[in-house]
Amino acid sequence: MEIKLVNYGDRGELFLKGRLDTNTVSETEEVFNQMVERFDVLTLNLENLEYISSSGLRILKCLHMAMVKKSGRLELVKVRPMVMEVLEMTGFAGILRIVG
């Protein structure tokens, strides 16, 4: 999993590339936790996310809840069809803010 950050002041955009699964979830969760403290609005660009497992869904939910708790916002953009299918099948598409 590769993660690239673009900083727009109080907004941050993380570009995720690869697989968000049990092998990458720990390092990704560390990055997510740092971003919650740093930004009011966090965008996850999923254009290059190839796969998401249940453990990946869990950290997305935790990230969403942490942003809401601090009155921030999490957005997902450029979600690939295969990942969108997983989000829809699990009900996450109704919980998370998916833009475009």
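This is a predicted model: local features need pLDDT of at least 70, side-chain atom pairs count only at pLDDT 80 or more; totals for chains, interfaces and linings use all residues.
Me: Where is D21 found?

Reply: D21 sits in the loop between β2 and α1.

Me: Is D21 buried or exposed, and why?

Reply: D21 counts as buried because its relative accessibility is 10%, and the cut-off for buried is under 20%.

Me: Which side chain does the side chain of D21 join in a polar contact?

Reply: The side chain of R19, through a polar contact of 3.2 Å.

Me: How far apart are D21 and K70 in space?

Reply: Their C-alpha atoms are 26 Å apart, with a separation of 49 residues in sequence.

Me: Turning to T24, which residues does it touch?

Reply: T24 touches M1 and R19, again not counting residues up to four places away in sequence. T24 lies in the loop between β2 (11-20) and α1 (25-38), and is buried, with a relative accessible area of 10%.

Me: Now the helices. At what angle do the axes of α1 and α2 cross?

Reply: They cross at roughly 10° and come within 10 Å, α2 being residues 54-69. The angle is under 35 degrees, so α1 is roughly parallel to α2.

Me: Which residues make the contact?

Reply: From α1, V25, T28, E29, F32 and V36; from α2, S55, G56, R58, I59, L60, L63, A66 and M67.

Me: How do the residues of that contact divide?

Reply: Into eight nonpolar, three polar and two charged.

Key:
Residues are numbered from 1 along each chain as its sequence is written. Side-chain values use heavy atoms; hydrogens and water are left out. Helices (H or I, at least four residues) and strands (E, at least two) are DSSP runs, numbered from the N terminus. Buried means under 20% relative accessible area, exposed over 50%, partly exposed in between (1.4 Å probe, protein chains only). Contact means heavy atoms within 4.5 Å. A polar contact is a pair of N or O atoms within 3.5 Å; within protein, one must be able to donate a hydrogen and the other to accept it, and residues adjacent in sequence count only if both atoms are side-chain atoms. Axes are lines fitted to C-alpha atoms, for helices over the stretch in contact, and angles run from 0 to 180 degrees between N-to-C directions. Angles under 35 degrees count as roughly parallel, over 145 as roughly antiparallel, 65 to 115 as roughly perpendicular and the rest as oblique. Ala, Val, Leu, Ile, Met, Phe, Trp, Tyr, Cys and Pro count as nonpolar, Asp, Glu, Lys and Arg as charged, and the others, Gly among them, as polar.
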